[in-house]
Amino acid sequence: MANVLEVNGLTKEYKKGVRAANEVSFSVKEGEIFALIGPNGAGKTTTIRMISTLITPTSGDALVGGYSVVKQPDKVRECITYLPDEAGAYKTMTGNGYLKFMAGLFAKDKAEQEMFVNRAQQMCGLGDRLNEKIGGYSRGMIRKLLLSRAVMTAPKLAIMDEATSGLDVINALDIRRTIKNLAREQGMSFLLSSHNMLEIEYVSDRVGIITGGNLLVTGTIDELKQKYNAENLEEVFELVVNTK
Amino acid sequence: MKFRNLLKKELSELITPQAIFSMIFTMVLLIFMGQIMGSAMEEGFDTSEINICNMDNTEFTEKVLSQLEEKGSKPNMVTISGEDYAAELERLDLNSVIVIPEGFADSILVDKKPAELRYVSELGIGFSGTMSSVSASDSVSAILDTATDEILLQTYGMNEDEIARIKEPVQTVEFTTFSGKTANISAMSLSSVLMMQSMIAPFVIFFLLMMASQMIMTAISTEKIDKTLETLLSAPVPRITVLMAKLVAAVIVALLNALSMMIGFFFYMTGMMGNVTDMVQTETTAVAEATGALNIAEAMNALGLSLGVGEYLLFGLQLFVTVAIGLAISLILGALAEDAKSVQNLTMPIMIMVMIPFFITMFMNVNEMSMGIKAVMYIIPFTHSYLAINNLMAGNMLLFWGGFVYQIIFFAVCMFFAVRIFTTDKIFTMTGALSEMFKKQQQPKAKK
Ligand SMILES: Nc1ncnc2c1ncn2[C@@H]1O[C@H](COP(=O)(O)OP(=O)(O)OP(=O)(O)O)[C@@H](O)[C@H]1O
Ligand SMILES: [Mg+2]
């Protein structure tokens, strides 16, 4: 299977000499769900933002669908969608208005725009409340709206920073299931980040453990459990971070 | 198509029902206030009603009062007892009264001494109050004037023609000069008209700048805080398109606001000044026939004060560049915002830059200031905006173009930085660096 994402030595220094991400390298295959896990301030968001072409790497590069985030960011943006951590939406718009607006930025023509909107409407499960202003939505509703927005265009790679943060158990489960289905049935690839190990263990195919800007290990969950002789991902995480 | 989509979104965010309401509300309020101010002034200037207490009751005073009536005043005769004027005014429910004491005629006609005339008025506070005390003393001079006529008529046996010649032996013909040109008109009648012109422009500029910069700062900072900007900039749209949609929307809304404000302010000024200008104008036309003085429109042309089409276009262009500078600065400031609180602090620099030259140019002549202050004033780009209309009227084209070119350069520099911030990752990394800088500065203070 081809690699949708190939990250080679991505490094970011916000301040000279301090590396928020240090030589990070990994890859994500087609239809695969990859998760970056690590404590607060580990460099997850920094790495993700570089891949999303929002910030430029100090050194290194990443290829999305074969396009370089440094040299061809315009091409990369056509292959990805990005869902930021704790993101909001335009409060004066209705849910439908927001979906239509965002679809307009990705679609080539009106027909495609309508198709995207329809897909999101069915996926988000908000029903008639999509006609209401986003200003009156709860956090969970906004997250669902944004999530359906992020997958409605069926991107090669959907990038989600803390996909289920701020959601209750039922909603989080719902979203994990959606992500898994999209990967299995439509062959979409996902790059997720989280510090919720349980969630990651359920949803992702492969994980990378990052701390202090360094990506320490990558592998499937079973591989890692065997390698560290651990019961679950949380133990793996503890061992990796402590033996460093 | 993507630009239209973005522009539509920006416009729908800026043109909310509240925004439309406040736009119409300001306009109506201005028009309404103009009406109120106008009628207050009219009342103030109205000299036809005078309260008079005639304690003299001689043939002479009766004659003076009937003369006064012939001249168009309506003396309201009242009776006052004693010298507790405050109580008497309150009892009669009056604001002012003119008291002609007993022996008024005798003093003039028999003793040939200046007679005493008392004018009692309640101190007026506020706009209409001040105006009415001014006009009340006008009615005193009206009495004095008629009294003089009676004296000349009765004691010196003069006829009306002779009296007129003695009272006005000289006729003043007023000339006004402005930037090297001379016109046959009184300066006062012109300045009341000019005041209107030279006040509308700065007010419109002031509100326009405030509104436009507030708008773009809120637009950028809320997008940053809600992280909708990250979503937007990771979509397949050139960043410059996103930026342009924001700017174009802000310009459109700012111009809509300017238009409604200009209409409102125009009616405000005409409502307020209309009566005053009318009075000045009738006065001038009476004299004009005798002296060949020009009417106001003619005089404005003769002095080069009226703006031609070309000059209006230049002013419009200037206004546009002014708004563009405001937007560019606000773009940069908005990009620095981290949370709702920091937005408040970040509006300060632009507020100061807009406000200081607004007040200074309104009350002082920048060109007559000391070199240092003048330089500071001219460095602030908006000073040139406030001075533009005066420079155009005065034909100071060198100053106008100098300011204009400076503003364009200023705009280009600001826009260069704004575009750089938006097209690089500065828009996301700048704030972090800035807040760390602040933390470092605050730490030593905290230790003390
Ligand atoms: N704009 C910025 N300017 C300067 N430093 C930054 C900036 N953004 C992040 N950092 C620093 O980079 C490091 C990594 O931050 P990052 O946001 O990537 O962590 P994270 O793994 O996403 O953490 P979390 O789980 O809390 O979201 C942190 O030390 C952070 O302080
Ligand atoms: Mg993060």
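The legends below describe close-up views of a predicted model. Residues are numbered from 1 along each chain as its sequence is written, chains are lettered from A and ligands numbered from 1 in the order in which they are written, and side-chain values use heavy atoms, with hydrogens and water left out. Because the model is predicted, local features need pLDDT of at least 70 and side-chain atom pairs count only at pLDDT 80 or more, while totals for chains, interfaces and linings use all residues.

**View 1. Aromatic cluster of chain B.** One aromatic cluster is formed by Phe203(B), Phe206(B), Phe207(B), Phe358(B), Phe359(B) and Tyr386(B). Over all chains, the structure holds 15 aromatic pairs; rings of Phe, Tyr and Trp (its six-membered ring) pair if their centres lie within 6.5 Å, and planes under 30 degrees apart count as stacked, over 60 as edge-to-face and the rest as tilted. Phe206(B) and Phe207(B) make an edge-to-face pair, because their ring centres are 5.5 Å apart and their planes stand at 85°. Phe206(B) is buried, with a relative accessible area of 11%, whereas Phe207(B) is partly exposed at 33% (buried means under 20% relative accessible area, exposed over 50%, partly exposed in between, with a 1.4 Å probe and protein chains only).

View 2. The aromatic pair of Phe400(B) and Phe404(B) is stacked, with 5.9 Å centre to centre and 10° between the planes. Both residues belong to helix 16 (residues 397–423) of chain B; they are four residues apart and therefore separated by about one helical turn. Phe400(B) and Phe404(B) are buried. Helices (H or I, at least four residues) and strands (E, at least two) are DSSP runs, numbered from the N terminus.

**View 3. A lysine over a tyrosine ring in chain A.** The charged end of Lys180(A) lies over the ring of Tyr202(A), at 4.2 Å from the ring centre. A charge sits over a ring if NZ of Lys or CZ of Arg is within 6 Å of the ring centre and within 35 degrees of the ring normal.

**View 4. Positive phi in two loops of chain A.** Ala154(A), a residue other than glycine, has a positive phi near 45°. Its place is the loop between helix 5 (139–152) and strand 7 (157–161) of chain A, and Ala154(A) is partly exposed at 35% relative accessibility. Asn229(A), also not a glycine, has a positive phi of about 55°. The loop between helix 8 (221–228) and helix 9 (233–243) of chain A holds Asn229(A), which is exposed at 68% relative accessibility.

**View 5. The two domains of chain A.** Chain A is divided into domain 1 (3–79 + 155–242) and domain 2 (88–154), with bounds from an automatic or database domain assignment. In chain A, 17 residues of domain 1 are in contact with eleven residues of domain 2 (heavy atoms within 4.5 Å). The area buried between these domains of chain A is about 1,100 Å², of which carbon and sulfur atoms give 68%; buried area is the accessible area (1.4 Å probe) that two parts lose on being put together, summed over both. In domain 1 of chain A, Pro155(A), Met160(A) and Ile175(A) lose the most area to domain 2 of chain A, together 33% of what that side buries.

**View 6. The interface of chain B and chain A.** The contact takes 23 residues from chain B and 33 residues from chain A. About 2,600 Å² is buried between chain B and chain A, with carbon and sulfur atoms giving 56%. Three salt bridges are counted between chain B and chain A (a side-chain nitrogen of Lys or Arg within 4 Å of a carboxyl oxygen of Asp or Glu). Arg49(A) and Glu230(B) meet through their side chains in a salt bridge of 2.7 Å, N to O.
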